[in-house]
Amino acid sequence: MVENVFFPVTLEETVGLLASLPEAKVLAGGTDLLVAIKEGKEKPRFFVSLSKITSQQVIEFKVDGLRIGATATHQSIAENAAVKAKYTAIAEAAGQIGSWQVRNLATVGGNLCSAVPSADIAPPLLAFGADVKLISRQGERTVPLSGFFQGPMQTVMEPGELLAEINVPLVPKSCGSCYLKLGPRAAVDIALVSAAAMVVVEDGICRSSGLALGAVAPTPLKVTEAEVALVGTKLTEDDIERAAAIAASAARPIDDHRASAGYRRKMVAVLTRRALQKARELALSSGREVER
């Protein structure tokens, strides 16, 4: 039974509570934690609510990129016009998480800390090369998101640490990105397979790329080999097919009641190809707008 709920108003107060109450659970949107409690998987004595720390709900653009506070909701990200324009895949993923009601409660930090392989917001953040800031009473550290997940529902976070914000590097105007998700329904259901692609195209050449998958490995998966293979190419259909084949080979899907491993692997190739094609289209379109 929960004995007390604390409502700190600063990050300093929050990490102080987490240090003094190691059995406390951080409560943000609660969309995963409250389900776990209902199913008997979690039995916290204390909640440390983040609802009063409004500074962590911010979505802002800085000279070096995009900063998303850990308690920004998925709906706020999906509706942000600047995120949709510059980091399209992130907005698309945020808009496909659960129902409208869930998206208005669920936070980006909570989704990452839950560390489920099918987390929608993780693949596009990985594709863009995001990192996370972790804070504790001892100080703060920055961790690349590619090194944040250690396994299903496991991260590198130490007891007493709090995920404070997510930082996404600045991208040029000639950047295009796309997030695609395969599931019984476009939203509400968790992904059977998901893929996020990001490309920067200048003078007809791919100068930078990012590619990540969801629900096909123990953690959200950044496909570095495919990213490297795309850089320096003209992003022809053959180039994209090669990258899709690399992604399918890198995937480590499982058989379960929702789909077979073989089907998931085939869909990795399909979604990766389509995501790259759409990202290329957006990048080329952005480039033409710049020329005009």
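**Note on the predicted model**

1. A215 is buried, with a relative accessible area of 14%, where buried means under 20%, exposed over 50% and partly exposed in between (1.4 Å probe, protein chains only). This residue is in the loop between strand 13 and strand 14 (221-222). The phi of A215 is positive, near 70 degrees, although the residue is not a glycine.

2. The model is predicted: local features need pLDDT of at least 70, side-chain atom pairs count only at pLDDT 80 or more, and totals for chains, interfaces and linings use all residues. Residues are numbered from 1 along each chain as its sequence is written, and side-chain values use heavy atoms, with hydrogens and water left out.

3. D203 also has a positive phi, of about 55 degrees, and is not a glycine. D203 sits in the loop between strand 12 (193-202) and strand 13 (205-214). D203 counts as exposed because its relative accessibility is 74%. Most residues other than glycine have a negative phi.

4. The protein contains eleven helices and 14 strands; these are DSSP runs, helices being H or I of at least four residues and strands E of at least two, numbered from the N terminus.

5. Of the 292 residues of the protein, 52% count as buried. The C-alpha atoms fill a box of roughly 60 × 45 × 35 Å along the principal axes.

6. Among contacts (heavy atoms within 4.5 Å) between residues at least 6 apart in sequence, 62% join residues at least 24 apart.
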